[in-house]
Amino acid sequence: MQSTSLAQSPSTPFLKPRSGDILRSPSTRDALPLKLLERGARNSGLLPLRTVSLLRSASRPHALVPAAASSPSSSLLFLRRKDDGTKARAASAPGIAEDGATKLGGVTRTLRLVVMFGTWYLLNIYFNIYNKQVLKVYPFPATVTAFEFGCGTVIILLMWASRLHPFPKLTRSQLALILPLAVAHTMGNLLTNISIGRVAVSFTHTIKAMEPFFTVVLASLFLGERPSFWVVSSLVPTVCGVALASFSETSFNWIGFSSAMASNLTNQSRNIFSKKFMVNKEETLDNINLFSVMTIMSFMFLAPAAIFMEGFKFTPSYLQSAASQGLNIKELCVRSLLAGFCFHSYQQVSYGILEMVSPVTHSVGNCAKRVVVIISSVIFFQTPLSPINSLGTALALAGVFLYSNAKRMTPKLKV
């Protein structure tokens, strides 16, 4: 009642009755100031909700339903709507968080791939430079290749011992399947080193751009894959480019040329055998362990074979002969170790990338890597290039890019 008397006090200027209110009934005159006070209280927010409800009840004493009973229901409805909005925002929060996590994961994966591709290219550049320097003064490719496989074997054993990668549980059937892969892996790397020791690094990698040609031929023969028209068409610039580069190459010799071609054949044979090996899921290893087992087996094959073919070449006389050609013994040993480290590491990173991307994307990256290696070796060794030689190299590499795009666009057709 205190609030009612306060509302009716004539000292409140905005509650004075207008002239038209005199003709109204007492109940109407009493209710009007209360309505005005209620409206003002709601607009200004000076009075609490309970006080406004009491004002209503005082102005309508004979009402069947008190105003105080309707106000809580409206406020409860408002609270329910507010709670529903809060719940809706809370329900949408996990979806927003998942989208944010997905975007963050995609960015992280992209950055990781960029770092891995850059590392792959950099290690390959240094391997080709150090390897060429060693083979130039120490012309024993079988011994050098066996030493590089030995460096890789040490790195693999340390990787397994430190549990950076799980140790594979091999069966006899798996070893029997990996055996031809390891033989092809050994021959491919040995023949590549023979070629690098005989001709320029840039020319060796230009010849190795012919790998897609051997891939198509071997896949057609052993896997029954029939290439599309666009795949076959993309091989034409590759073959023509290698032919142009070979005719105009100043360091050309048949041993270097045929060794690089033979390495293409053995490396692509390894890839074909790998596909047949991966068909049986029960016998499958992950890429890292498959490469690791092949490396160890290659070292076991090539170490005795190198001694048989070239003899034991780590005697002081052979090291001194290398020192007389521009590298002292310390430099020869350090660069051999660096070449062995880069040799294994770049292939390990390459297999790691292959686990994250499709084979076609990996093939495009491999072609780009070959471009980077050719350009860097030409600059470092100051290899002379004629216009025809440059044109042939560019044609061969363009054909590899076209081949990768053709493989991506057209599905494989089985014979």
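Okay, let's start with residues 113–130: the chain there is 100% helix and 0% strand, with its end C-alpha atoms 26 Å apart. Helices here are DSSP runs of H or I, at least four residues, numbered from the N terminus. Bear in mind this is a predicted model, where local features need pLDDT of at least 70 and side-chain atom pairs count only at pLDDT 80 or more, while totals for chains, interfaces and linings use all residues. Residues are numbered from 1 along each chain as its sequence is written, and side-chain values use heavy atoms, leaving out hydrogens and water.

UniProt, in an unreviewed entry, lists "transmembrane region" at 113–130, 142–162, 174–196, 288–309 and 388–406; such annotations may be inferred rather than shown by experiment. Residues 288–309 are also 100% helix and 0% strand, and the end C-alpha atoms sit 30 Å apart.

Now the surface. Leu 179, Val 183, Met 187, Met 300 and Phe 301 make a nonpolar patch with about 440 Å² of accessible area together. For a patch, residues need over 30% relative accessible area and no salt bridge, with nonpolar side chains joined within 5 Å; areas are Shrake-Rupley, 1.4 Å probe. A salt bridge means a Lys or Arg side-chain nitrogen within 4 Å of an Asp or Glu carboxyl oxygen. α6 gives the most, three residues. Phe 301 sits in α11, and counts as partly exposed because its relative accessibility is 33%, between the cut-offs for buried (under 20%) and exposed (over 50%).

Last, α14, residues 359–381: it reaches 32 Å, close to the expected 33 Å, which is 1.5 Å times one less than its number of residues. Its buried residues include His 362, Lys 369 and Arg 370.

Note on methods:
Helix = DSSP H or I, 4+ residues; strand = E, 2+ residues; numbered from the N terminus. Buried < 20%, exposed > 50% of the residue type's maximum accessible area, 1.4 Å probe, protein only. Patch = residues over 30% accessible without salt bridge, like charges linked within 9 Å, V, L, I, M, F, W, Y side chains within 5 Å.
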